[in-house]
Amino acid sequence: MVMGNTAECKVAIIGAGPYGLAASAFLSKAGIEARIFGEPMSFWEHMPRGMCLRSSWSASSIGDPAQEFNLDAFCRENGNHCPKPIPLDRFVAYGHWFQNRVAPQVDRRMVHNIEANGKGFILSLSDAQTLTARRVVVAAGINTFARRPREFDGIPATLATHSSEHRNFDRFKGQSVAVIGAGQSALESAALCREAGVEVEVIARTPQLNWVGLHPRLHHLGFISRMLYSDRDVGPAGISRLVAAPHVFRRFPRKFQDRTAYRAIRPAVAGWLAPRLTDMNISLGRHVVSAAAAGSELRLKLDDGSERLVDHALLATGYQVDISRYGFLSQELATRIKTVGGFPVLRRGFESSVPGLHFLGKPAARSFGPILGFVSGTDFAGIELVRTLKRSQ
Ligand SMILES: Cc1cc2nc3c(=O)[nH]c(=O)nc-3n(C[C@H](O)[C@H](O)[C@H](O)COP(=O)(O)OP(=O)(O)OC[C@H]3O[C@@H](n4cnc5c(N)ncnc54)[C@H](O)[C@@H]3O)c2cc1C
């Protein structure tokens with residue numbers, strides 16, 4: 001509905017990645033009017049070309065109420081060509097296919113500002129138009145939360161960049177790059193760099209690499225496998241089952257939740273990457289204590305006293321949720337949201353301490369557990385959101 005210059009809607013969804021799209025699918029099926037904003041799948045479109053998903057097939061479908069638009073349906077409609085692990089470009093194509101079916105009307109404008117107006121929220125869009133919404137669902141992802149270790153403060157982008165800044169590594173061809181980190185992003189970036197003709201060393205704090213999926217037989221033991229692993233595929237045996245039930249998981253004592261969540265999402269590498277890492281130069285149990293520009297190069301000092309002189313450091317150092325870094329939340333609104341360690345504290349329906357303001361995806365992981373950081377949590381998010389919004393209508 002449009003009144004004067006300001007349009008109105010019941011629910012505004014910010015972000016058209018997996019969580020925003022799933023929310024749109026569930027709300028629309030429930031007959032709740034919602035508008036969705038943002039460039040569909042843009043976070044994934046900026047990931048490095050040639051990358052594959054770490055999550056398994058069963059854990060990579062975006063949720064919709066009737067599971068009509070899962071990866072199997074996408075493949076059936078597109079000639080049944082379904083490589084595993086899932087290549088990034090295939091997943092991005094799937095995301096667009098999903099969006100065309102559940103939210104063809106997505107509004108590609110960015111939301112620049114949200115403030116509360118007593119009855120709901122006023123959103124300012126990238127073309128300076130405004131919109132009022134009774135509720136806002138923030139599904140804006142983690143891109144804003146890229147974590148850069150303090151040691152790299154002040155180092156220019158020519159010498160150190162976060163892994164999220166790269167679509168490919170061709171610019172480093174013939175150069176030396178230190179990849180910092182021990183997770184999938186670090187090791188896959190290292191493999192892609194080496195394949196692009198880069199001299200690579202991985203430097204990781206962990207004493208050993210953690211692998212996932214090295215024992216596929218464990219997933220084919222029928223009843224026993226089902227007892228140990230959930231299809232959501234987050235975490236090792238046992239923990240996988242526990243975190244797949246967010247309403248149960250969130251009843252456990254906080255300390256237990258934190259420890260279990262860490263165990264579920266600690267840096268780990270998919271087994272299928274192992275052959276591409278053969279003879280990779282990897283320094284484990286080491287971390288950078290200082291970084292300094294040395295002419296056109298970067299000098300890194302490690303905790304064992306050794307030094308490296310490299311052309312570039314690639315910081316595959318993950319993401320640290322801190323919703324105060326969502327620039328679209330007005331300062332007044334941001335200060336009213338109760339947070340712990342940067343995460344919003346959420347009740348049923350992902351609602352924050354500001355009534356009508358909801359958060360999906362990784363920011364919801366402290367309240368609902370680690371699956372909210374992955375595509376496999378999208379159906380839970382959609383169901384839970386609709387249940388709460390229906391009750392409050
Ligand atoms: C390298 C890498 C590999 C990964 N691999 C996997 C994997 O294999 N499997 C898996 O399940 N997860 C994986 N993840 C985690 C992944 O981030 C989440 O699963 C997924 O992106 C969550 O979806 P989302 O909708 O919350 O966020 P996103 O996909 O980031 O979508 C958020 C969207 O919001 C938009 N947006 C942000 N701000 C605004 C605004 N102001 N206005 C309008 N739109 C806005 C963004 O443009 C973006 O499109 C990976 C993450 C990384 C970094």
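**Exercise 1. Domains**

The centres of domain 2 and domain 3, taken over C-alpha atoms, are 30 Å apart. The model is a predicted one, in which local features need pLDDT of at least 70 and side-chain atom pairs pLDDT 80 or more, while totals for chains, interfaces and linings use all residues. Residues are numbered from 1 along each chain as its sequence is written.

Task: State which residues the contact takes from domain 2 and domain 3, by number.

Solution. Step one: seven residues come from domain 2 and four residues from domain 3, a contact being two C-beta atoms, placed from the backbone, within 7 Å. Step two: the side of domain 2 that touches domain 3 holds five nonpolar, two polar and no charged residues. Here Ala, Val, Leu, Ile, Met, Phe, Trp, Tyr, Cys and Pro count as nonpolar, Asp, Glu, Lys and Arg as charged, and the others, Gly among them, as polar. Step three: the bounds, from an automatic or database assignment, are 150–210 + 267–315 for domain 2 and 211–265 for domain 3.

**Exercise 2. Ligand shell**

Task: Describe the residues that surround the ligand.

Solution. Step one: the shell has 31 residues, the closest being Gly15, Gly17, Gly38, Gly141 and Gly361; a residue is near if its C-beta atom, placed from the backbone, lies within 6 Å. Step two: the shell around the ligand divides into 17 nonpolar, 12 polar and two charged residues.

**Exercise 3. Overall extent**
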